[in-house]
Amino acid sequence: MSENKNLFTPGKIGPVEIRNRTIRSAAFEGMGKDNNPTQQLKDYHVSVARGGVGMTTIAYAGICRSALSFKSQLWLRPEIVGSLKEITDEVHSHGAKVSIQIGHCGNMTHMSTAGCIPVGASTGFNLYSPTIVRGLKKKEIKEIARYFGEAVNLARQAGFDCVEVHAGHGYLISQFLSPYTNRRHDEYGGGLDNRMRFMKECMEEVMVAAGDDMGVLVKMNMNDGFKKGMQENEALIVAKELQKAGAHALVLSGGFVSKAPMYVMKGEMPITSMTHYMDQKWLKYSVRMFGSMMVPKEKYTPLFFLNQARRFRREIDMPLVYVGGVTSREDADRIIDEEGFEFLQMGRALLNEPDFVNKIKEYEDHKSGCDHINYCIARMYSKDMACHKHLNGLPNNICREIEKIKHKYEK
């Protein structure tokens, strides 16, 4: 077997050297309980580390109470540092580095979860929660920026090598960046310079806290995925501003959970599977009736963000992480060797096969067994993220839906 000169060589994100160029993306696991880590969360990330990944990322940790969307999400606070340290120690024992994604959900939550009326860049109503949203006051904006810095210090105490700041997908930083959700008339709204102000304040706190021993990645949108959202030209300016702010690497993504959710991972949302696990009967029936309109499908293709990411590669001179549809050794080699990205992230491929990286290292023709049905995505909002191929005894209606979607892709 020929030796690849780049994919399986070390790379650096700031001060942190990673053994190869693969990163488990911050795809939400849904494996926490009461905002705390669990043995299941530990076991999954350890399995990915054992499976050869360069760095694994624990997803979507809230920086404060108002940041939380789900009870199965981590709330990064002093009480869980010890439990997180057990995870990072075990991951390190298998040779991988470990990152934690830190963020604030903004308007994507409920009062019962966040402990307050959901907050966002602007006052309004979020149909996708659904909930009334209160625009943040200036002093609250400053406070949340400080929470980002505190989260980095807690991550260091818990043994993490890197943090990934979530500035995309329609969560709070993204809500400030996007003209769709930011309708403010003060210094935090209006033109892009003002809409970037909150992001820059968060990054200032993050970089001071990161010091010279922690790597900082930022997940950002190349495009919000709809006409009234942030478009590529503005996103390039955001990327350059993040570089000025000191970020060590950018994760290039796209989509908006409250407007274009399938733009993030492509394909269609299995509505039957999604509603099967919902507890609230009114929400279950509403989504069954209107889900296909609320969550329109997006065509899935391998390397689906590559055309957009190429422009960022041409114009941004810093480490860039490609994410989106990497499902084979051929894909991975292309991203690193031919397209010139420093790292790549994978989510569904590593859920389907936690040892996917070891397999593509040993077998150059190996391809992921993920069939992109998105059952895992439909399930993760109410239960843990799991691949349907790993489960036995699924209800007949879910099995029928899976086969129906699979048949569409096979045509």
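## Exercises on rings, charges and core

Phe256 is buried, with a relative accessible area of 0%. Buried means under 20% relative accessible area, exposed means over 50%, and partly exposed lies in between (1.4 Å probe, protein chains only).

This is a predicted model, where local features need pLDDT of at least 70, side-chain atom pairs count only at pLDDT 80 or more, and totals for chains, interfaces and linings use all residues. Residues are numbered from 1 along each chain as its sequence is written, and side-chain values use heavy atoms, with hydrogens and water left out.

### Exercise 1: the whole protein

Task: Find how many helices and strands there are in the protein, and check its radius of gyration against a compact globule.

Solution: 
- Step 1. Take the elements. The protein has 16 helices and 13 strands. Helices (H or I, at least four residues) and strands (E, at least two) are DSSP runs, numbered from the N terminus.
- Step 2. Take the rule. The radius of gyration is taken over C-alpha atoms, and the globule rule is 2.2 Å times the number of residues to the power 0.38.
- Step 3. Compare. For 411 residues, a compact globule would have a radius near 22 Å; the protein has 20 Å, which agrees.
- Step 4. Along the principal axes, the C-alpha atoms fill roughly 60 × 50 × 40 Å.
- Step 5. Of the 411 residues, 62% count as buried.
- Step 6. Look at contacts (heavy atoms within 4.5 Å). Among those between residues at least 6 apart in sequence, 71% join residues at least 24 apart.

### Exercise 2: two edge-to-face pairs

Task: Describe the pair of Tyr180 and Phe256, then the pair of Phe226 and Phe256.

Solution: 
- Step 1. Know what to look for. A pair of aromatic rings is described by the distance of the centres and the angle of the planes.
- Step 2. Set the cut-offs. Rings of Phe, Tyr and Trp (its six-membered ring) pair if their centres lie within 6.5 Å; planes under 30 degrees apart are stacked, over 60 edge-to-face, and the rest tilted. The count comes to 13 aromatic pairs.
- Step 3. Take Tyr180 and Phe256. Their centres are 6.0 Å apart and their planes are at 85 degrees, an edge-to-face pair.
- Step 4. Tyr180 is in the loop between helix 5 (172-177) and helix 6 (192-195), and Phe256 is in the loop between strand 11 (249-253) and helix 9 (271-276). The two residues are 76 residues apart.
- Step 5. Check Tyr180. Its relative accessibility is 27%, so Tyr180 counts as partly exposed.
- Step 6. Take Phe226 and Phe256. The centres are 5.5 Å apart and the planes are at 75 degrees, so this pair is edge-to-face.
- Step 7. Phe226 lies in the loop between strand 10 (215-221) and helix 8 (232-245), so its pair with Phe256 ties together parts 30 residues apart in sequence.
- Step 8. Check Phe226. At 13% relative accessibility, Phe226 counts as buried.

### Exercise 3: charges

Task: Find which residue lies over the face of Phe226, then examine the salt bridges of Asp384 and Asp355.

Solution: 
- Step 1. Apply the ring rule. A charge sits over a ring if NZ of Lys or CZ of Arg is within 6 Å of the ring centre and within 35 degrees of the ring normal.
- Step 2. Name the residue. Lys259 lies over Phe226, at 5.9 Å from the ring centre.
- Step 3. Apply the bridge rule. A salt bridge is a side-chain nitrogen of Lys or Arg within 4 Å of a carboxyl oxygen of Asp or Glu. The whole structure holds 21 salt bridges.
- Step 4. Take Asp384. Its partner is Arg379, with the closest N and O atoms 3.0 Å apart. Both residues are buried.
- Step 5. Take Asp355. Its partner is Lys359, with the closest N and O atoms 3.6 Å apart. Asp355 is partly exposed at 31%, and Lys359 is partly exposed at 26%.

### Exercise 4: the core

Task: Find which residues Leu250 is in contact with, leaving aside neighbours within four places in sequence.

Solution: 
- Step 1. List the contacts. They are Val218, Met220, Ala239, Leu242, Met318, Pro319, Leu320 and Val321.
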